[in-house]
Amino acid sequence: MSEHRMTNLKPTRRLRKSQSQQTPPTSLTTSSSATVYDGLFGVYIQISKNRRVSVRNWNGKIWIDIREFYVKDGKTLPGKKGISLSVDQWNTLRNHAEDIEKALSDLS
């Protein structure tokens with residue numbers, strides 16, 4: 001996904017429970033490693049079977065949430081394991097991507 005696409009996402013509004021059950025998430029793009037969805041509570045990327053990265057608006061602030069999910073009674077629910085990054089924290093992490101890549105190659 002391009003850098004431009006992630007930085008210009010607009011948060012979606014929260015819907016009532018009855019509305020949320022009617023509209024499944026829409027797949028925006030698919031790559032070999034992840035699928036990007038426009039869901040009811042914002043945009044999210046399924047990065048593995050039980051992990052998602054989502055961009056959402058919560059209490060008037062935009063957050064990038066990296067979280068594990070589990071299934072209970074047929075519903076996919078967020079787990080306790082995860083981290084929410086503010087936009088500033090996300091930008092700091094993104095700005096150090098080359099350093100992270102170098103550390104990964106050094107350890108390989």
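A residue is called buried here when its relative accessible area is under 20%, exposed when that area is over 50%, and partly exposed in between, as judged with a 1.4 Å probe and protein chains only. By that scale, buried residues account for 21% of the 108 residues in the chain. The model is a predicted one, in which local features need pLDDT of at least 70 and side-chain atom pairs count only at pLDDT 80 or more, whereas totals for chains, interfaces and linings use all residues. Residues are numbered from 1 along each chain as its sequence is written, and side-chain values use heavy atoms, with hydrogens and water left out.

The chain holds four helices and six strands, where helices (H or I, at least four residues) and strands (E, at least two) are DSSP runs numbered from the N terminus. Read from the N terminus, these elements follow the order α-α-β-β-β-β-β-β-α-α. Accessible areas come from the Shrake-Rupley method with a 1.4 Å probe, and for residues only the protein chains shown count as cover; the chain has an accessible surface of about 8,500 Å², with 52% of it belonging to carbon and sulfur atoms.

Confidence is given as pLDDT, the predictor's confidence in each residue on a scale from 0 to 100. The chain has a mean pLDDT of 77, and 64% of its residues reach 70 or more. Among its elements, helix H3 (residues 87–95) has the highest mean, 97, while helix H2 (residues 17–20) has the lowest, 42. Over residues 1–22 the pLDDT is below 50, although this stretch has 24 contacts in the model beyond near neighbours in sequence, a contact meaning heavy atoms within 4.5 Å. Where pLDDT is low, the predicted coordinates should not be read in detail.

Asn59 lies in the loop between E4 and strand E5 (61–72) and has a positive phi of about 55 degrees although it is not a glycine. Asn59 counts as exposed because its relative accessibility is 63%. The loop between E5 and E6 contains Asp73, which likewise is not a glycine and has a positive phi of about 55 degrees; Asp73 is exposed, since its relative accessible area is 72%.

Within strand E4 (residues 51–58) sits Ser54, which is classed as buried because its relative accessible area is 14%. Apart from its neighbours within four places in sequence, Ser54 is in contact with Val43, Tyr44, Trp63, Ile64 and Asp65. Gly82, in strand E6 (residues 75–86), is classed as partly exposed because its relative accessibility is 44%. Not counting residues up to four places away in sequence, Gly82 touches Ile66 and Arg67.

The structure holds three salt bridges, each defined as a side-chain nitrogen of Lys or Arg within 4 Å of a carboxyl oxygen of Asp or Glu. In one of them Glu68 pairs with Arg51, with the closest N and O atoms 2.8 Å apart; this pair links distant parts of the chain, Glu68 being in strand E5 and Arg51 in strand E4, 17 residues apart. Glu68 is partly exposed because its relative accessible area is 25%, and Arg51 is also partly exposed, because its value is 41%. Another salt bridge joins the side chains of Asp65 and Arg67 at 3.1 Å, N to O, and both Asp65 and Arg67 are buried. The remaining salt bridge connects Asp106 with Lys102, the closest N and O atoms being 3.0 Å apart. Asp106 and Lys102 both belong to helix H4, where they are four residues apart, about one turn of the helix, and both are exposed.

Helix H4 (residues 97–107) also contains Leu104, which is partly exposed because its relative accessible area is 48%.
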